[in-house]
Amino acid sequence: MIAVSFFEVQEISKRFGGLMAVNGVSFQVEPGKIFGLIGPNGSGKTTIFNLINQYYTLTAGDILFKGKSIKGLKTHEICHLGIGRTFQVVKPLKRMSVLENVMASAFCRVNTFGEARKLAIETLDFCNLLSEKDKAAKSLPIASRKRLEITRAMATKPELLLLDETAAGLNPGELDEAIDLIKRIRDRGVTIIIVEHIMKVIMSISDRIHAINYGQTIAEGKPEEVANNREVIEAYLGEAYAEGGTH
Amino acid sequence: MKRNRVIIAFIALALVLFPLVVKSDYYQHLVILALMWVVIGGSWNLLAGYTGQVSFGHAVFFGTGAYAAGILANKLGISAWWGMAFGGITAALVGLFIGWVCFRLRGPYFALATIAAGEIFRLIATTWESLTEGMVGIMILQTFRSKLPYYYLALFLAAASMFVFDQVMKSKWGFYFISIREDQDAAESLGINTTLYKNVSLLISSFFTGMAGAFYMNYMAFIDPHVVFSLHYISIMAILVGIIGGVATIWGPALGAFIMIGVQETFRSSVFGLAPRWVSQSHALVFGLLVMFVILYMANGVVGDWPKIKRLFLRRP
(Lines give C-alpha, C1' and ligand atoms only; values in the text may rest on other atoms or scores of the structure.)
Protein backbone atom coordinates (compact mmCIF):
# COMPACT_ATOMS: atom_id res chain seq x y z
CA MET A 1 0.00 0.00 0.00
CA ILE A 2 1.31 3.41 -0.90
CA ALA A 3 1.02 5.99 1.86
CA VAL A 4 -1.08 8.97 0.89
CA SER A 5 1.05 12.09 0.86
CA PHE A 6 -0.20 15.14 2.74
CA PHE A 7 0.16 17.51 -0.16
CA GLU A 8 1.32 16.82 -3.65
CA VAL A 9 1.45 18.67 -6.95
CA GLN A 10 1.77 16.46 -9.98
CA GLU A 11 3.22 17.77 -13.24
CA ILE A 12 1.33 21.05 -13.01
CA SER A 13 1.45 23.51 -15.89
CA LYS A 14 -0.04 26.89 -16.58
CA ARG A 15 -0.05 28.53 -19.95
CA PHE A 16 -0.74 32.24 -20.46
CA GLY A 17 -1.12 32.62 -24.22
CA GLY A 18 2.26 31.71 -25.64
CA LEU A 19 4.02 31.66 -22.29
CA MET A 20 4.38 28.54 -20.16
CA ALA A 21 4.51 30.24 -16.76
CA VAL A 22 4.67 26.90 -14.98
CA ASN A 23 5.78 23.82 -16.88
CA GLY A 24 5.47 20.35 -15.41
CA VAL A 25 6.39 21.08 -11.80
CA SER A 26 5.98 18.28 -9.25
CA PHE A 27 6.68 18.13 -5.54
CA GLN A 28 5.43 16.60 -2.33
CA VAL A 29 5.16 18.27 1.04
CA GLU A 30 5.34 16.29 4.26
CA PRO A 31 3.04 17.31 7.10
CA GLY A 32 4.42 19.58 9.78
CA LYS A 33 7.34 20.70 7.63
CA ILE A 34 8.33 23.99 6.11
CA PHE A 35 8.73 23.67 2.37
CA GLY A 36 10.58 26.47 0.61
CA LEU A 37 9.90 27.46 -2.97
CA ILE A 38 12.61 29.58 -4.55
CA GLY A 39 13.44 30.96 -7.95
CA PRO A 40 14.43 34.23 -9.61
CA ASN A 41 11.85 36.92 -10.35
CA GLY A 42 9.22 35.78 -12.80
CA SER A 43 10.12 32.11 -12.45
CA GLY A 44 6.54 31.15 -11.58
CA LYS A 45 6.43 30.92 -7.77
CA THR A 46 3.37 33.07 -7.21
CA THR A 47 1.69 31.42 -10.19
CA ILE A 48 2.11 28.07 -8.42
CA PHE A 49 0.38 29.54 -5.35
CA ASN A 50 -2.40 30.86 -7.53
CA LEU A 51 -2.75 27.39 -9.04
CA ILE A 52 -2.82 25.73 -5.62
CA ASN A 53 -5.62 27.91 -4.32
CA GLN A 54 -7.39 27.67 -7.67
CA TYR A 55 -7.29 31.38 -8.41
CA TYR A 56 -5.98 30.23 -11.79
CA THR A 57 -7.17 27.06 -13.45
CA LEU A 58 -4.58 24.41 -14.24
CA THR A 59 -3.60 23.93 -17.88
CA ALA A 60 -2.38 20.44 -17.02
CA GLY A 61 -1.48 18.29 -14.04
CA ASP A 62 -3.18 17.73 -10.72
CA ILE A 63 -2.95 18.89 -7.12
CA LEU A 64 -3.71 16.50 -4.25
CA PHE A 65 -4.46 17.55 -0.70
CA LYS A 66 -4.59 14.64 1.74
CA GLY A 67 -4.95 12.28 -1.19
CA LYS A 68 -7.83 14.06 -2.86
CA SER A 69 -7.68 16.15 -5.99
CA ILE A 70 -8.52 19.79 -5.42
CA LYS A 71 -8.50 20.60 -9.11
CA GLY A 72 -11.52 22.65 -10.20
CA LEU A 73 -12.63 23.70 -6.71
CA LYS A 74 -13.40 27.35 -6.02
CA THR A 75 -10.88 29.50 -4.19
CA HIS A 76 -13.14 29.85 -1.15
CA GLU A 77 -13.64 26.09 -1.02
CA ILE A 78 -9.86 25.62 -0.89
CA CYS A 79 -9.82 27.82 2.19
CA HIS A 80 -12.56 25.76 3.85
CA LEU A 81 -10.61 22.58 3.08
CA GLY A 82 -7.76 23.95 5.18
CA ILE A 83 -5.38 25.68 2.80
CA GLY A 84 -4.75 29.30 3.76
CA ARG A 85 -2.65 31.80 1.88
CA THR A 86 -1.14 35.25 2.11
CA PHE A 87 -0.55 37.61 -0.77
CA GLN A 88 2.79 38.97 -1.88
CA VAL A 89 1.16 42.32 -2.56
CA VAL A 90 -0.73 42.60 0.71
CA LYS A 91 -4.49 42.93 0.43
CA PRO A 92 -5.76 44.31 3.73
CA LEU A 93 -9.47 45.14 3.92
CA LYS A 94 -8.52 48.77 4.21
CA ARG A 95 -11.55 50.45 5.70
CA MET A 96 -11.97 47.80 8.36
CA SER A 97 -10.07 47.66 11.64
CA VAL A 98 -7.39 45.05 12.18
CA LEU A 99 -9.74 43.10 14.44
CA GLU A 100 -12.55 43.21 11.85
CA ASN A 101 -10.13 41.98 9.18
CA VAL A 102 -9.31 38.93 11.24
CA MET A 103 -12.94 38.41 12.28
CA ALA A 104 -14.01 38.36 8.64
CA SER A 105 -11.71 35.41 8.06
CA ALA A 106 -12.54 33.75 11.39
CA PHE A 107 -16.12 33.40 10.13
CA CYS A 108 -14.67 30.70 7.88
CA ARG A 109 -14.75 28.39 10.92
CA VAL A 110 -17.38 29.88 13.26
CA ASN A 111 -20.80 31.44 12.80
CA THR A 112 -21.58 33.93 15.52
CA PHE A 113 -20.16 37.36 16.16
CA GLY A 114 -18.96 36.36 19.63
CA GLU A 115 -17.13 33.24 18.49
CA ALA A 116 -15.53 35.10 15.59
CA ARG A 117 -14.33 37.83 17.92
CA LYS A 118 -12.88 35.29 20.32
CA LEU A 119 -11.06 33.36 17.60
CA ALA A 120 -9.81 36.62 16.06
CA ILE A 121 -8.43 37.88 19.37
CA GLU A 122 -6.71 34.55 20.07
CA THR A 123 -5.13 34.58 16.63
CA LEU A 124 -4.07 38.23 16.93
CA ASP A 125 -2.49 37.42 20.26
CA PHE A 126 -0.64 34.43 18.80
CA CYS A 127 0.71 36.59 15.98
CA ASN A 128 1.69 39.47 18.32
CA LEU A 129 -0.69 41.89 16.65
CA LEU A 130 -3.21 42.29 19.45
CA SER A 131 -1.98 45.76 20.39
CA GLU A 132 -2.95 47.01 16.91
CA LYS A 133 -6.43 45.51 16.88
CA ASP A 134 -8.41 48.76 16.85
CA LYS A 135 -6.33 50.51 14.20
CA ALA A 136 -7.62 50.87 10.67
CA ALA A 137 -5.94 48.29 8.44
CA LYS A 138 -4.92 51.03 5.99
CA SER A 139 -2.96 52.87 8.68
CA LEU A 140 -0.61 49.95 9.38
CA PRO A 141 3.06 50.05 8.32
CA ILE A 142 4.24 47.35 5.92
CA ALA A 143 5.60 44.98 8.58
CA SER A 144 2.27 44.92 10.41
CA ARG A 145 0.39 44.56 7.13
CA LYS A 146 2.42 41.48 6.30
CA ARG A 147 1.72 40.19 9.78
CA LEU A 148 -1.99 40.92 9.35
CA GLU A 149 -1.93 38.80 6.18
CA ILE A 150 -0.56 35.89 8.20
CA THR A 151 -2.97 36.48 11.09
CA ARG A 152 -5.94 36.53 8.74
CA ALA A 153 -4.85 33.32 7.07
CA MET A 154 -4.26 31.69 10.48
CA ALA A 155 -7.75 32.64 11.64
CA THR A 156 -9.14 30.31 8.98
CA LYS A 157 -7.39 27.48 10.89
CA PRO A 158 -5.39 26.13 7.95
CA GLU A 159 -3.57 22.81 7.93
CA LEU A 160 -1.48 24.03 5.06
CA LEU A 161 -0.38 27.65 4.87
CA LEU A 162 1.00 29.29 1.72
CA LEU A 163 3.23 32.25 2.58
CA ASP A 164 4.08 34.49 -0.36
CA GLU A 165 7.11 36.67 0.38
CA THR A 166 6.02 37.60 3.87
CA ALA A 167 9.53 38.77 4.71
CA ALA A 168 10.04 41.12 1.78
CA GLY A 169 10.51 44.75 2.75
CA LEU A 170 11.17 44.08 6.44
CA ASN A 171 14.11 45.45 8.42
CA PRO A 172 16.45 42.99 10.22
CA GLY A 173 14.59 43.22 13.53
CA GLU A 174 11.21 42.65 11.87
CA LEU A 175 12.75 39.82 9.88
CA ASP A 176 13.71 37.96 13.05
CA GLU A 177 10.19 38.41 14.40
CA ALA A 178 8.75 37.09 11.15
CA ILE A 179 11.03 34.03 11.25
CA ASP A 180 10.04 33.44 14.86
CA LEU A 181 6.34 33.64 13.96
CA ILE A 182 6.71 31.23 11.05
CA LYS A 183 8.47 28.74 13.31
CA ARG A 184 5.77 29.06 15.96
CA ILE A 185 3.11 28.43 13.29
CA ARG A 186 4.96 25.26 12.27
CA ASP A 187 5.20 24.21 15.91
CA ARG A 188 1.41 24.37 16.04
CA GLY A 189 1.41 21.61 13.46
CA VAL A 190 0.63 23.76 10.43
CA THR A 191 2.47 22.73 7.30
CA ILE A 192 3.94 25.66 5.42
CA ILE A 193 4.92 26.29 1.85
CA ILE A 194 6.92 29.50 1.69
CA VAL A 195 8.00 31.60 -1.26
CA GLU A 196 10.85 33.88 -0.34
CA HIS A 197 13.68 35.82 -1.89
CA ILE A 198 15.58 36.54 1.28
CA MET A 199 18.01 33.63 1.56
CA LYS A 200 18.60 34.19 5.26
CA VAL A 201 14.95 33.40 5.88
CA ILE A 202 14.42 30.55 3.49
CA MET A 203 17.69 28.76 4.25
CA SER A 204 17.27 28.98 8.00
CA ILE A 205 13.70 27.75 8.31
CA SER A 206 13.01 25.39 5.42
CA ASP A 207 13.16 21.64 5.86
CA ARG A 208 13.22 21.17 2.12
CA ILE A 209 13.61 23.56 -0.78
CA HIS A 210 12.32 23.34 -4.30
CA ALA A 211 13.99 25.62 -6.83
CA ILE A 212 12.39 26.62 -10.12
CA ASN A 213 13.39 28.78 -13.05
CA TYR A 214 11.37 29.63 -16.17
CA GLY A 215 8.52 27.60 -14.69
CA GLN A 216 10.54 24.40 -14.49
CA THR A 217 12.11 22.53 -11.60
CA ILE A 218 15.87 22.94 -11.41
CA ALA A 219 16.58 21.39 -8.03
CA GLU A 220 15.04 20.00 -4.89
CA GLY A 221 16.58 18.92 -1.63
CA LYS A 222 17.76 20.03 1.78
CA PRO A 223 18.66 23.75 1.98
CA GLU A 224 22.44 23.20 1.82
CA GLU A 225 22.08 20.85 -1.14
CA VAL A 226 20.01 23.34 -3.08
CA ALA A 227 22.31 26.23 -2.14
CA ASN A 228 25.26 24.38 -3.64
CA ASN A 229 23.44 23.22 -6.73
CA ARG A 230 25.08 24.41 -9.92
CA GLU A 231 21.87 25.27 -11.75
CA VAL A 232 20.54 27.23 -8.80
CA ILE A 233 23.70 29.31 -8.58
CA GLU A 234 23.53 29.86 -12.33
CA ALA A 235 19.93 31.00 -12.17
CA TYR A 236 20.60 33.43 -9.34
CA LEU A 237 24.11 34.67 -9.99
CA GLY A 238 24.87 33.81 -13.59
CA GLU A 239 27.04 31.22 -15.32
CA ALA A 240 30.38 32.75 -14.32
CA TYR A 241 29.74 32.10 -10.65
CA ALA A 242 28.63 28.55 -11.26
CA GLU A 243 31.83 27.81 -13.14
CA GLY A 244 34.20 29.75 -10.98
CA GLY A 245 32.62 28.39 -7.82
CA THR A 246 34.42 26.10 -5.44
CA HIS A 247 32.02 23.21 -5.75
CA MET B 1 -24.63 54.61 23.54
CA LYS B 2 -27.40 55.52 25.95
CA ARG B 3 -27.67 58.96 24.40
CA ASN B 4 -28.12 57.35 21.00
CA ARG B 5 -30.98 55.24 22.31
CA VAL B 6 -32.70 58.33 23.66
CA ILE B 7 -32.33 60.04 20.28
CA ILE B 8 -33.72 56.99 18.46
CA ALA B 9 -36.66 56.77 20.88
CA PHE B 10 -37.32 60.48 20.39
CA ILE B 11 -37.27 60.20 16.57
CA ALA B 12 -39.53 57.14 16.70
CA LEU B 13 -42.01 58.93 18.95
CA ALA B 14 -41.98 62.04 16.77
CA LEU B 15 -42.68 59.95 13.66
CA VAL B 16 -45.49 58.01 15.37
CA LEU B 17 -47.16 61.22 16.57
CA PHE B 18 -46.53 63.26 13.43
CA PRO B 19 -49.75 62.49 11.50
CA LEU B 20 -51.82 62.96 14.64
CA VAL B 21 -50.41 66.45 15.09
CA VAL B 22 -49.96 67.57 11.50
CA LYS B 23 -53.32 67.02 9.82
CA SER B 24 -52.32 68.39 6.42
CA ASP B 25 -52.66 65.71 3.72
CA TYR B 26 -49.87 67.37 1.82
CA TYR B 27 -47.26 67.11 4.56
CA GLN B 28 -48.39 63.62 5.49
CA HIS B 29 -47.95 62.66 1.85
CA LEU B 30 -44.39 64.01 1.81
CA VAL B 31 -43.42 62.08 4.92
CA ILE B 32 -45.00 58.89 3.53
CA LEU B 33 -42.85 59.27 0.41
CA ALA B 34 -39.78 59.99 2.53
CA LEU B 35 -40.42 56.85 4.60
CA MET B 36 -40.77 54.83 1.41
CA TRP B 37 -37.44 56.22 0.28
CA VAL B 38 -35.88 55.21 3.59
CA VAL B 39 -36.61 51.62 2.52
CA ILE B 40 -35.28 52.04 -1.03
CA GLY B 41 -32.23 54.07 0.00
CA GLY B 42 -31.36 51.55 2.71
CA SER B 43 -31.75 48.68 0.24
CA TRP B 44 -29.50 50.39 -2.28
CA ASN B 45 -27.00 51.09 0.47
CA LEU B 46 -26.86 47.44 1.53
CA LEU B 47 -25.84 46.41 -1.97
CA ALA B 48 -23.79 49.42 -3.05
CA GLY B 49 -22.57 50.98 0.19
CA TYR B 50 -21.75 47.87 2.17
CA THR B 51 -21.19 45.22 -0.49
CA GLY B 52 -19.61 47.59 -3.00
CA GLN B 53 -21.81 46.57 -5.93
CA VAL B 54 -23.00 49.94 -7.17
CA SER B 55 -26.40 49.58 -8.77
CA PHE B 56 -27.82 52.10 -11.22
CA GLY B 57 -30.84 49.89 -11.72
CA HIS B 58 -32.86 49.76 -8.52
CA ALA B 59 -35.88 50.86 -10.54
CA VAL B 60 -35.96 47.27 -11.80
CA PHE B 61 -36.88 46.02 -8.34
CA PHE B 62 -39.11 48.95 -7.46
CA GLY B 63 -41.00 48.64 -10.73
CA THR B 64 -41.23 44.87 -10.52
CA GLY B 65 -42.67 45.11 -7.00
CA ALA B 66 -45.16 47.76 -8.11
CA TYR B 67 -46.22 45.85 -11.21
CA ALA B 68 -46.44 42.54 -9.34
CA ALA B 69 -48.93 44.09 -6.95
CA GLY B 70 -50.71 46.00 -9.71
CA ILE B 71 -51.08 43.04 -12.07
CA LEU B 72 -52.29 40.83 -9.23
CA ALA B 73 -55.06 43.33 -8.52
CA ASN B 74 -55.77 44.18 -12.14
CA LYS B 75 -55.78 40.72 -13.73
CA LEU B 76 -56.75 38.44 -10.88
CA GLY B 77 -58.76 40.80 -8.72
CA ILE B 78 -56.68 39.91 -5.68
CA SER B 79 -56.19 42.77 -3.26
CA ALA B 80 -53.00 44.65 -4.00
CA TRP B 81 -52.13 44.26 -0.33
CA TRP B 82 -51.30 40.62 -0.99
CA GLY B 83 -49.05 42.12 -3.58
CA MET B 84 -46.89 43.58 -0.82
CA ALA B 85 -45.42 40.16 -0.06
CA PHE B 86 -45.76 39.01 -3.66
CA GLY B 87 -44.07 42.18 -4.91
CA GLY B 88 -41.11 41.70 -2.60
CA ILE B 89 -40.68 38.06 -3.57
CA THR B 90 -41.07 38.73 -7.29
CA ALA B 91 -38.49 41.52 -7.08
CA ALA B 92 -36.13 39.18 -5.21
CA LEU B 93 -36.50 36.56 -7.94
CA VAL B 94 -35.77 39.21 -10.55
CA GLY B 95 -32.82 40.18 -8.34
CA LEU B 96 -31.46 36.64 -8.54
CA PHE B 97 -31.72 36.73 -12.32
CA ILE B 98 -30.01 40.13 -12.53
CA GLY B 99 -27.31 38.87 -10.17
CA TRP B 100 -26.77 35.77 -12.27
CA VAL B 101 -26.24 37.95 -15.32
CA CYS B 102 -24.53 41.05 -13.90
CA PHE B 103 -22.28 39.68 -11.15
CA ARG B 104 -20.00 38.25 -13.81
CA LEU B 105 -18.91 41.86 -14.13
CA ARG B 106 -17.06 43.93 -11.60
CA GLY B 107 -16.98 47.61 -10.66
CA PRO B 108 -18.08 50.11 -13.31
CA TYR B 109 -19.05 47.29 -15.69
CA PHE B 110 -21.51 45.96 -13.15
CA ALA B 111 -22.94 49.48 -12.75
CA LEU B 112 -23.36 49.83 -16.52
CA ALA B 113 -25.04 46.44 -16.73
CA THR B 114 -27.59 47.49 -14.11
CA ILE B 115 -28.42 50.63 -16.12
CA ALA B 116 -29.09 48.38 -19.09
CA ALA B 117 -31.23 46.07 -16.94
CA GLY B 118 -33.33 49.04 -15.81
CA GLU B 119 -33.95 50.19 -19.37
CA ILE B 120 -34.78 46.64 -20.51
CA PHE B 121 -37.43 46.31 -17.81
CA ARG B 122 -38.89 49.71 -18.63
CA LEU B 123 -39.18 48.74 -22.29
CA ILE B 124 -40.75 45.38 -21.42
CA ALA B 125 -43.32 47.08 -19.21
CA THR B 126 -44.05 49.56 -22.01
CA THR B 127 -44.37 46.98 -24.77
CA TRP B 128 -46.00 43.95 -23.14
CA GLU B 129 -49.41 45.58 -23.17
CA SER B 130 -51.45 42.41 -22.61
CA LEU B 131 -49.84 42.06 -19.19
CA THR B 132 -48.94 45.58 -18.11
CA GLU B 133 -51.40 47.76 -20.09
CA GLY B 134 -48.31 49.46 -21.56
CA MET B 135 -48.21 53.24 -21.43
CA VAL B 136 -51.80 53.39 -20.21
CA GLY B 137 -50.59 52.18 -16.87
CA ILE B 138 -52.39 50.31 -14.14
CA MET B 139 -54.98 51.95 -11.96
CA ILE B 140 -56.58 50.37 -8.92
CA LEU B 141 -58.99 51.60 -6.26
CA GLN B 142 -57.35 52.94 -3.15
CA THR B 143 -58.31 50.95 -0.07
CA PHE B 144 -58.31 53.89 2.33
CA ARG B 145 -59.30 57.52 1.91
CA SER B 146 -57.34 58.58 4.95
CA LYS B 147 -53.58 58.76 4.69
CA LEU B 148 -53.11 57.40 8.20
CA PRO B 149 -53.03 53.64 7.36
CA TYR B 150 -50.52 54.29 4.57
CA TYR B 151 -48.46 56.44 6.84
CA TYR B 152 -48.14 53.80 9.54
CA LEU B 153 -47.52 51.06 7.02
CA ALA B 154 -44.70 53.11 5.48
CA LEU B 155 -43.33 53.81 8.94
CA PHE B 156 -43.43 50.12 9.78
CA LEU B 157 -41.71 49.19 6.50
CA ALA B 158 -39.01 51.80 7.06
CA ALA B 159 -38.37 50.69 10.65
CA ALA B 160 -38.44 46.99 9.75
CA SER B 161 -36.03 47.45 6.86
CA MET B 162 -33.60 49.46 8.98
CA PHE B 163 -33.78 46.85 11.73
CA VAL B 164 -33.05 44.05 9.25
CA PHE B 165 -30.16 45.95 7.61
CA ASP B 166 -28.69 46.70 11.03
CA GLN B 167 -28.92 43.08 12.17
CA VAL B 168 -27.49 41.80 8.89
CA MET B 169 -24.54 44.15 9.12
CA LYS B 170 -23.74 42.98 12.64
CA SER B 171 -23.68 39.34 11.54
CA LYS B 172 -21.33 37.15 9.56
CA TRP B 173 -23.07 38.33 6.40
CA GLY B 174 -22.22 41.94 7.17
CA PHE B 175 -18.56 41.12 7.59
CA TYR B 176 -18.63 39.22 4.33
CA PHE B 177 -20.36 42.06 2.47
CA ILE B 178 -17.76 44.60 3.58
CA SER B 179 -14.90 42.19 2.85
CA ILE B 180 -16.19 41.78 -0.70
CA ARG B 181 -16.37 45.56 -1.09
CA GLU B 182 -12.82 46.03 0.19
CA ASP B 183 -11.11 43.32 -1.85
CA GLN B 184 -12.94 40.59 -3.68
CA ASP B 185 -9.84 38.44 -4.29
CA ALA B 186 -8.71 38.65 -0.68
CA ALA B 187 -12.25 37.83 0.46
CA GLU B 188 -12.33 34.77 -1.76
CA SER B 189 -9.02 33.51 -0.37
CA LEU B 190 -10.38 33.96 3.17
CA GLY B 191 -13.03 31.39 2.40
CA ILE B 192 -15.80 33.79 1.42
CA ASN B 193 -18.00 32.58 -1.42
CA THR B 194 -18.12 36.01 -3.04
CA THR B 195 -20.62 35.05 -5.73
CA LEU B 196 -23.03 33.64 -3.15
CA TYR B 197 -22.79 36.57 -0.75
CA LYS B 198 -23.10 39.20 -3.45
CA ASN B 199 -26.32 37.48 -4.39
CA VAL B 200 -27.46 37.35 -0.76
CA SER B 201 -26.92 41.10 -0.52
CA LEU B 202 -28.76 41.67 -3.79
CA LEU B 203 -31.60 39.39 -2.68
CA ILE B 204 -32.24 41.32 0.54
CA SER B 205 -31.85 44.62 -1.29
CA SER B 206 -34.23 43.72 -4.10
CA PHE B 207 -36.79 42.21 -1.70
CA PHE B 208 -37.17 45.42 0.29
CA THR B 209 -37.10 47.60 -2.81
CA GLY B 210 -39.86 45.42 -4.28
CA MET B 211 -41.89 45.82 -1.09
CA ALA B 212 -41.50 49.57 -1.42
CA GLY B 213 -42.68 49.33 -5.04
CA ALA B 214 -45.75 47.32 -4.04
CA PHE B 215 -46.46 49.86 -1.32
CA TYR B 216 -46.24 52.61 -3.90
CA MET B 217 -48.81 50.80 -6.07
CA ASN B 218 -51.21 50.53 -3.14
CA TYR B 219 -50.67 54.08 -2.03
CA MET B 220 -50.67 55.96 -5.32
CA ALA B 221 -53.18 53.57 -6.94
CA PHE B 222 -51.67 54.36 -10.33
CA ILE B 223 -48.43 53.33 -11.99
CA ASP B 224 -46.99 53.49 -15.48
CA PRO B 225 -43.61 52.34 -16.82
CA HIS B 226 -42.16 55.83 -17.02
CA VAL B 227 -42.68 56.41 -13.31
CA VAL B 228 -41.81 53.12 -11.61
CA PHE B 229 -39.06 52.00 -13.99
CA SER B 230 -37.59 55.48 -14.31
CA LEU B 231 -33.82 55.72 -14.39
CA HIS B 232 -33.99 59.28 -13.16
CA TYR B 233 -36.77 59.23 -10.57
CA ILE B 234 -36.02 55.83 -9.05
CA SER B 235 -32.56 54.45 -9.86
CA ILE B 236 -30.66 57.72 -9.63
CA MET B 237 -32.80 58.94 -6.74
CA ALA B 238 -31.86 55.78 -4.79
CA ILE B 239 -28.19 56.61 -5.32
CA LEU B 240 -28.69 60.24 -4.27
CA VAL B 241 -30.53 59.22 -1.11
CA GLY B 242 -27.65 56.89 -0.28
CA ILE B 243 -24.71 59.16 -0.95
CA ILE B 244 -26.19 62.38 0.40
CA GLY B 245 -27.19 60.70 3.64
CA GLY B 246 -24.01 58.69 3.93
CA VAL B 247 -22.94 55.52 2.18
CA ALA B 248 -22.30 52.44 4.34
CA THR B 249 -24.06 53.82 7.40
CA ILE B 250 -27.38 52.60 8.76
CA TRP B 251 -28.77 56.09 9.39
CA GLY B 252 -27.36 57.73 6.25
CA PRO B 253 -30.01 56.63 3.73
CA ALA B 254 -32.77 57.32 6.28
CA LEU B 255 -31.65 60.91 6.67
CA GLY B 256 -30.88 61.13 2.95
CA ALA B 257 -34.46 60.13 2.12
CA PHE B 258 -35.89 63.07 4.09
CA ILE B 259 -33.33 65.48 2.66
CA MET B 260 -33.94 64.38 -0.93
CA ILE B 261 -37.72 64.43 -0.65
CA GLY B 262 -37.40 67.89 0.90
CA VAL B 263 -35.15 69.17 -1.86
CA GLN B 264 -37.22 67.54 -4.59
CA GLU B 265 -40.47 68.96 -3.29
CA THR B 266 -39.03 72.41 -2.71
CA PHE B 267 -38.03 72.66 -6.34
CA ARG B 268 -40.97 70.79 -7.80
CA SER B 269 -43.28 73.32 -6.17
CA SER B 270 -41.07 76.25 -7.22
CA VAL B 271 -40.09 76.90 -3.59
CA PHE B 272 -43.74 76.48 -2.52
CA GLY B 273 -45.01 78.85 -5.19
CA LEU B 274 -42.76 81.73 -4.16
CA ALA B 275 -40.27 81.43 -7.00
CA PRO B 276 -40.93 81.71 -10.75
CA ARG B 277 -42.36 78.60 -12.41
CA TRP B 278 -39.16 77.74 -14.29
CA VAL B 279 -37.60 76.80 -10.95
CA SER B 280 -39.77 73.69 -10.93
CA GLN B 281 -38.13 72.59 -14.16
CA SER B 282 -34.67 72.87 -12.66
CA HIS B 283 -34.77 70.22 -9.99
CA ALA B 284 -32.64 67.80 -11.99
CA LEU B 285 -30.02 70.53 -12.23
CA VAL B 286 -30.18 71.11 -8.50
CA PHE B 287 -29.80 67.38 -7.85
CA GLY B 288 -26.68 67.44 -9.97
CA LEU B 289 -25.23 70.41 -8.11
CA LEU B 290 -26.09 68.80 -4.80
CA VAL B 291 -24.26 65.62 -5.74
CA MET B 292 -21.22 67.62 -6.85
CA PHE B 293 -21.23 69.50 -3.58
CA VAL B 294 -21.54 66.33 -1.50
CA ILE B 295 -18.80 64.52 -3.41
CA LEU B 296 -16.43 67.47 -3.16
CA TYR B 297 -17.01 68.49 0.44
CA MET B 298 -18.75 65.64 2.24
CA ALA B 299 -17.71 62.47 0.44
CA ASN B 300 -19.11 60.35 3.27
CA GLY B 301 -22.51 62.05 3.27
CA VAL B 302 -24.24 63.89 6.08
CA VAL B 303 -24.06 61.00 8.54
CA GLY B 304 -20.57 59.84 7.56
CA ASP B 305 -19.14 63.35 7.79
CA TRP B 306 -21.19 64.40 10.80
CA PRO B 307 -18.12 65.10 12.98
CA LYS B 308 -16.81 67.39 10.23
CA ILE B 309 -20.14 69.23 9.95
CA LYS B 310 -20.32 69.63 13.71
CA ARG B 311 -16.84 71.13 13.79
CA LEU B 312 -17.76 73.53 11.01
CA PHE B 313 -20.78 74.90 12.82
CA LEU B 314 -19.64 74.75 16.41
CA ARG B 315 -16.11 75.94 15.63
CA ARG B 316 -14.78 74.56 18.86
CA PRO B 317 -11.23 75.75 19.37
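The model is predicted, so local features need pLDDT of at least 70 and side-chain atom pairs count only at pLDDT 80 or more, while totals for chains, interfaces and linings use all residues. Residues are numbered from 1 along each chain as its sequence is written, and chains are lettered from A in the order in which they are written.

Chain A holds an open sheet of six strands with mixed pairing, in the order β6-β7-β8-β3-β9-β10; strands are DSSP runs of E with at least two residues, helices runs of H or I with at least four, and two strands pair if DSSP finds at least two bridges between them. Because β6 (83–85) and β10 (216–221) of chain A each have a single partner strand, one side of each is left without a neighbour in the sheet. Strands β3 (residues 34–38) and β8 (residues 191–195) of chain A run parallel and are joined by four bridges, and A:Phe35 has A:Ile193 as its bridge partner in β8(A).

Between the chains, 17 residues of chain B are in contact with 22 residues of chain A, contact meaning C-beta atoms, placed from the backbone, within 7 Å. Helix α8(B) gives the largest share of the chain B side, six residues.

The largest nonpolar core has 159 residues; such a core consists of buried Ala, Val, Leu, Ile, Met, Phe, Trp, Tyr and Cys residues joined through C-beta atoms within 7 Å, buried meaning 20 or more other C-beta atoms within 10 Å of the residue's own. Helix α2 (residues 25–50) of chain B contributes the largest share of this core, 14 residues.

Conventions. Buried ≥ 20, exposed ≤ 12 C-beta atoms within 10 Å, placed from the backbone. Contact = placed C-beta atoms within 7 Å.
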